Amino acid sequence: MFKTIFRHSFKDLHGSEDILSPERYMSLRRKIVGLMAVVSVVPLLLMAAINYYEYRAALGREIQNPLRILVSKTKNSFELFLAERTSTVSFIASAYPFEELAQEKNLKHIFRVMTQVFDGFVDLGLLDENGVQVSYAGPYSLAGKNYAEQSWFNQVMIRGTYISDVFMGYRNFPHMVIAVRHMDENGKKWVVRATIDTTRFDRLIAAMSLEPDSDAFLLNKEGILQTNSNYYGKVLERLPMAMPPQGYEARLVETQDHNGEDIYLAYSYFPETDFVLMAVKPRGSALKTWYMVKGDLLFIFVLGVMAIFLVVYKMTDLLIQRMRESEERRELAFRQVEHAQKLSSIGRLAAGVAHEINNPLAAINEKAGLMKDLLGLRPDFPDRDKFITLADAILKSIRRCRDITHRMLGFARRMDVSYEELDINEVLTDTLSFLDQEAKHRGVTIVRELDESLPRIMSDRGQLQQVFLNILNNALAAVPDDGNIEVKTGETTPDSLVISFQDNGCGMSQDTLEHVFEPFFTTKKGTGTGLGLSITYGIIKKLGGDIAVTSKQGEGTLFTIYLPKKARKEAAS
């Protein structure tokens, strides 16, 4: 499947009729950049996502486990505290007979000794089996109170031990009670009841040493706070959140409080009482370090993706540029071969035509000359002077036709690259003669400043004629009617000649000047092929010379050609 997609996406590489189209390279660039970006970015994205969630989960565990352990330890402290107080009350109930406890003096003595050993006791009372408080040791006047109708009394009579929730009661302050039932050998029952100050609970919670934005509190299974909370209410108020599922092991859940804030909630139910210990920690503050790390990871990820895209784009751009240059060179070579074959065919046709015309011209020339000679031998021939004049006109026309066919044969010979000894001035003159009529018709002046002392050089006549013709045709196209073209020759160094073509035409802009020798670059939209100057450049380089151009818009153009006096060895071979 991937192979099919790849072939479909890059089918442009397998050729196209418009292989040099800019849209084709833009499309190819987009596809390569897209593919390389996907291949590079997707694994990076997956790796970043995996790292993101794994690190977050690990950090979450690092935060949750200590909170869960802290709740478990504090719960054990609560249970130990309650167990110690319950054992104390149970010991008193079983160690002393009812009659001894019923004497208030003895009960106060026991209470005083008990508070010296264990803190948190508020008072101590003895109740008979009817619920009447027989004796009392403490700061309140509760002797004689009847608790028979209280639910706790019934529970302690049935269960033997009872630990209450926090309540206000007759004392009108939050407290809890521990009550223990005892029965002697005669079946007599009594209840020893002690009140516990719940401020001891606050000290146990404070010992958890939570952070300022965290909270911990004790509550019962109905959600009534048994201690004050920093953020969720005072003692005996209802917790403004739903109670979590029951569990006697310390648990932790991720939830929201009544204000919609995300929190970690750690809790544990007490197995012997109705108490539940809870600790709350805001997730925002707990994950503060994670948010900082996340920002750094996001920055590094974005920076990495940008770097990947930049490298991919630059590499693709370089690749496309190299590919385009290669395609252009291949296309240029193909068109040059095609053009050479076309010119070769034209040259052979021209040579054939010139050869066929030369034969009848030779016969006409011979007959016309014979006729002129015969007229010269007969002075009495009627209208002799008129016929001689006509014969001269025929001979003149034949010479003109011969010159034309000679030039055609000379142009045809350029197809065969061969070096010969040449007079540059003569080659220039022959080439200029092709354009004399057009220049005369348009009123263009062609100024010739040819150095007659130039030595003969070894070069290719046909190639040079094509070069001169290309430059002169461009000059004629650039100059207006009645314009001016200057052709100069001379020596620059002992080894080279210079030929310059200066016109006063429209000139070229700097941008055009930079591309003037590029294949298929033309300013003659619809009429030019863009090959003339590129072929000219190639011919001059092939002959071992050089060509330069300077131009200014509105002032004209100067082409300068430098030719070696001797043929290049590699070209000559």
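Which residue forms a salt bridge with Glu 211? In this predicted model, in which local features need pLDDT of at least 70, side-chain atom pairs count only at pLDDT 80 or more, and totals for chains, interfaces and linings use all residues, the partner is Lys 281, with the closest N and O atoms 2.7 Å apart. The pair links distant parts of the chain, 70 residues apart, with Glu 211 in the loop between H6 and S6 and Lys 281 in strand S9 (residues 275-282). Residues are numbered from 1 along each chain as its sequence is written, and side-chain values use heavy atoms, with hydrogens and water left out. A salt bridge is defined as a side-chain nitrogen of Lys or Arg within 4 Å of a carboxyl oxygen of Asp or Glu. Helices (H or I, at least four residues) and strands (E, at least two) are DSSP runs, numbered from the N terminus. Glu 211 is partly exposed at 42% relative accessibility, whereas Lys 281, at 12%, counts as buried; buried denotes under 20% relative accessible area, exposed over 50%, and partly exposed in between (1.4 Å probe, protein chains only).

The structure holds 24 salt bridges. One of them joins the side chains of Glu 79 and Lys 75, at an N to O distance of 3.9 Å. Both residues belong to helix H2, where they lie 4 residues apart, about one turn of the helix. Glu 79 is partly exposed, with 26% relative accessibility, and Lys 75 is buried at 8%. A network of salt bridges links Glu 84, Arg 85, Asp 119, Arg 200 and Arg 203.

Two helix pairs were examined by their axes, which are lines fitted to C-alpha atoms, for helices over the stretch in contact, with angles running from 0 to 180 degrees between N-to-C directions. The axes of helix H2 (residues 22-95) and helix H6 (residues 199-206) come within 10 Å and cross at roughly 150 degrees. H2 is therefore roughly antiparallel to H6, given that angles under 35 degrees count as roughly parallel, over 145 as roughly antiparallel, 65 to 115 as roughly perpendicular and the rest as oblique. The crossing of H2 and H6 is right-handed; this term applies if the near helix is turned clockwise from the far one by less than a right angle, and left-handed if anticlockwise.

For helix H10 (residues 424-442) and helix H11 (residues 461-478), the axes come within 9 Å and cross at roughly 30 degrees, so that H10 and H11 are roughly parallel to each other. H10 likewise passes H11 in a right-handed crossing. A salt bridge (3.9 Å, N to O) joins the side chains of Glu 426 and Arg 461. This pair links distant parts of the chain, with Glu 426 in helix H10 and Arg 461 in helix H11, 35 residues apart. Glu 426 is partly exposed at 35% relative accessibility, and Arg 461 is buried at 14%.

Backbone geometry was also considered. Most residues other than glycine have a negative phi. Ser 209, in the loop between H6 and strand S6 (215-220), has a positive phi of about 55 degrees although it is not a glycine. Ser 209 is exposed, with a relative accessible area of 61%. A positive phi of about 55 degrees is also found for Asp 383, likewise not a glycine, in the loop between H8 and helix H9 (384-412). Asp 383 counts as exposed at 54% relative accessibility.
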